[in-house]
Amino acid sequence: MPLTLSSKGPSASELERLRLALSVFQDGSGWESIKKTKKQGSERIYYAGYRQFERIVADVFGGVAPENKGVFDVFVPLSGTDMHFGVSCKMRGELNNALKDNGTVYIEMSNAAGKFMDKVKQEVGKNFQKYPNDVGQTLLSLISGWHNNVAKNTGYKINLAESSFLVLLYTKQLTFRLYQYELPLPEATNFTWTFPQPKSKLTKDSRRLVGYHKDKVVFEWYLYSGGQLKYY
């Protein structure tokens, strides 16, 4: 069976294998659960946790899941070469929100708050909120640098063009939907970056950076609340 989870996307048979493998964890062995209440009482419905999701992707597509906090959660060999493609697995209970918002899905790129802030202050300066465009370019450049350094840090030869984000969203009713997005990030100069005015008059500085494309939010960096960088 061909391994096609790279940028070309999985085959129908591979998707079915993935679905069946994920369903195994509904027997009570899943790391996550949702409590459902019925007239006769309540029960817990189990499903795979994020680490189990990574292991299943690796198993179904013939890859390796290092189970660390690296850039990629799974490395899959590219047939006929000595290279691999990387898969960054994301799993969140946000399917209802995605369906309501015209199918918009966000990827939490990283929550490395300290690394983000240190790099921004180093490249832009302590008064970085005056220069939102420079901050946006610094953040995306940092992420791209992490991608480019994967080979050096892991020992795997990586084809970044074939690598991707794999996002599994679900609802409380355990409806699942799988999304796949290419790994390379767009140029920061394609966006209008701004630090929105804080909602509270007691707060002097903004608490997030937003990258817009034609009035649509594409990136958000939360400076202090978890430090997440989100990509929509």
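Reader: Where is Ser200 found?

Author: Ser200 is in the loop between E8 and E9; helices (H or I, at least four residues) and strands (E, at least two) are DSSP runs, numbered from the N terminus. This is a predicted model, in which local features need pLDDT of at least 70, side-chain atom pairs count only at pLDDT 80 or more, and totals for chains, interfaces and linings use all residues. Residues are numbered from 1 along each chain as its sequence is written, and side-chain values use heavy atoms, with hydrogens and water left out.

Reader: Is Ser200 buried, partly exposed or exposed?

Author: Buried means under 20% relative accessible area, exposed over 50%, and partly exposed in between (1.4 Å probe, protein chains only). Ser200 has a relative accessible area of 34%, so Ser200 is partly exposed. The C-alpha atoms of Ser200 and Thr37 are separated by 40 Å, the two residues being 163 apart along the chain.

Reader: Is Thr104 buried or exposed, and why?

Author: Thr104 is buried because its relative accessible area is 18%. Thr104 lies in the loop between helix H3 (95-100) and E5. Leaving aside residues up to four places away in sequence, Thr104 touches Ala98 and Tyr232, where contact means heavy atoms within 4.5 Å.

Reader: In what order do the strands of the open sheet stand?

Author: Strands of a sheet pair through backbone hydrogen bonds, either parallel or antiparallel. Here 5 strands form an open sheet in the order E5-E11-E10-E9-E8, with antiparallel pairing; two strands pair if DSSP finds at least two bridges between them. Strand E5 (107-110) and strand E8 (192-194) stand at the edges with a single partner strand each, so one side of each has no neighbour in the sheet. From one strand to the next, the twist averages 25 degrees. E8 pairs with strand E9 (residues 208-213) in the antiparallel sense over 3 bridges, and Thr192 stands opposite Tyr212 in E9. Helix H5 (residues 132-148) packs on the sheet, and its direction makes about 110 degrees with that of E8.

Reader: Which residues cover the two sides of E6?

Author: In a regular strand the side chains alternate between the two faces of the sheet. In E6, Ser164, Leu166, Leu168 and Tyr170 lie on one side and Phe165, Val167 and Leu169 on the other, and all are buried.

Reader: Which strands pair with E6?

Author: Strand E4 (residues 84-92) runs parallel to E6 and is joined to E6 by 6 bridges; the bridge partner of Ser88 in E6 is Phe165. Strand E7 (residues 176-182) pairs with E6 in the antiparallel sense over 7 bridges, and Leu166 stands opposite Gln180 in E7. E6 and E7 form a hairpin with 5 residues between them, and Leu174 in the turn has a positive phi of about 60 degrees.

Reader: At what angle do H1 and H2 pack?

Author: Two packed helices are described by the angle between their axes and the distance between the axes. Helix H1 (residues 12-23) and helix H2 (residues 50-60) pack at about 140 degrees, with axes 10 Å apart. Axes are lines fitted to C-alpha atoms, for helices over the stretch in contact, and angles run from 0 to 180 degrees between N-to-C directions. H1 is therefore oblique to H2: angles under 35 degrees count as roughly parallel, over 145 as roughly antiparallel, 65 to 115 as roughly perpendicular and the rest as oblique.
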